Amino acid sequence: PRRQPYPAWWQHGAGQPYPAPPQGALMNDLTGISKSPMNSVIIIRDTADPRNLSGGKETFVPERLLLGLLPQCMLEEYLFWQDEALEATALTPGTGKPGYKRLRGYPRDKDGETIVFVEFNTIGNWADMMVRGYNDTSTSGPNVIEATQLPGRSVRVQRMPKVSVEAEFKARQRLAVQLEALQLLVKPKAAKRKSVEKEAKSDEPEWKVGDKVEFDAEGNGHKWVAAEVTKVHKDCHYDLDPSEAWVGAQTRVPPVFIQKNGAHKEVEQGEGVWHWDGMSDSEDEDWAEDQDADQGDNDDPDAKAAKDAIAFEQFDRLDLVLEAAGGDEDVCMSACRHLAAVPGVNPFTDVTKLAAAV
């Protein structure tokens, strides 16, 4: 028996509401690594769209995916787009918990006066809760959800005047243009990941059972989680046992998402970024490709501008630089020009350090 009656549109509608069979149309392959991706439509708008006030790409989130999370009146009043943020801007870069997402609700009415920010965050850790015990008072506070006193997920909704959001966005845009022109803030250079095509050519598995590795938990290079290889498949895919309980056991992970344990820390420290003696043939090829790309950028102004553009994670935190100057945009611009003119000051990659310098 059904728990609920069929909806009215189902009872009184004509024809079939879904393609047959429905599984092929209802399942999405958002990560792009599935061997048999299902049909899906993803709507993305970039920074060229004047309605985009995030500074990065925005992905449309259909109303049906937010039912039960937000009040119905809010879903009827706003269109929601997910920006590229992976952690709250108030946190030190890299310290946020995995799973953070931020949506922006833009008013459907062109005369709407407010914009809604919806933040999804992870609260606490089930592994810590199980070790300490449910009655341990040390797990209270920020480590648990107040209503349940258990770890979980939270949704935080904030509404702001549209004019102030637009003004702050334009101020960050002007500051970004200044920083890019001065080359005072640059994107951190990351080591090049081996391409899927190169990985596919190897018939021999790179890792064996028991090896300590780390894998790209979110598929974007931002969150690497230590793990142990528990199984090696014939097609050189791997089953992994992550060290962090929130991730859960991973099955058939492609090799492109796996690297030696601690490799991401070496990249952050500058190791493995430049050319050195003893590189493998594939690494030499990657280096040569980078050199060719740099030469091509010098010949193509558009490519050079794209290369010099700061990353979204940096743009999203530029309000910290403005706040460091007391919110005075002119003072902030003057401080940046002064910093760029000081001999020995190298370009920054961390916005918080730039803010401290300002």
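Reader: Is Asp83 buried or exposed?
Author: This is a predicted model: local features need pLDDT of at least 70, side-chain atom pairs count only at pLDDT 80 or more, and totals for chains, interfaces and linings use all residues. Numbering starts from 1 along each chain as its sequence is written, and side-chain values use heavy atoms, without hydrogens and water. Buried means under 20% relative accessible area, exposed over 50%, partly exposed in between (1.4 Å probe, protein chains only). At 3% relative accessibility, Asp83 therefore counts as buried.

Reader: How many residues apart in sequence are Arg104 and Asp83?
Author: Their side chains form a salt bridge, with the closest N and O atoms 3.0 Å apart (a side-chain nitrogen of Lys or Arg within 4 Å of a carboxyl oxygen of Asp or Glu). Arg104 lies in strand S4 and Asp83 in the loop between strand S3 (78-82) and S4, so the pair ties together parts separated in sequence by 21 residues. Strands are DSSP runs (E, at least two residues), as are helices (H or I, at least four), both numbered from the N terminus.

Reader: Which strand holds Arg252, the salt-bridge partner of Asp235?
Author: The two side chains meet at 2.3 Å, N to O. Asp235 sits in the loop between strand S8 (224-232) and strand S9 (238-242), whereas Arg252 lies in strand S10.

Reader: How many disulfides are there?
Author: A disulfide is a pair of cysteine sulfur atoms within 2.5 Å. Cys73 is exposed at 55% relative accessibility, and Cys236 is buried at 8%. By this rule, the count of disulfides is 0.
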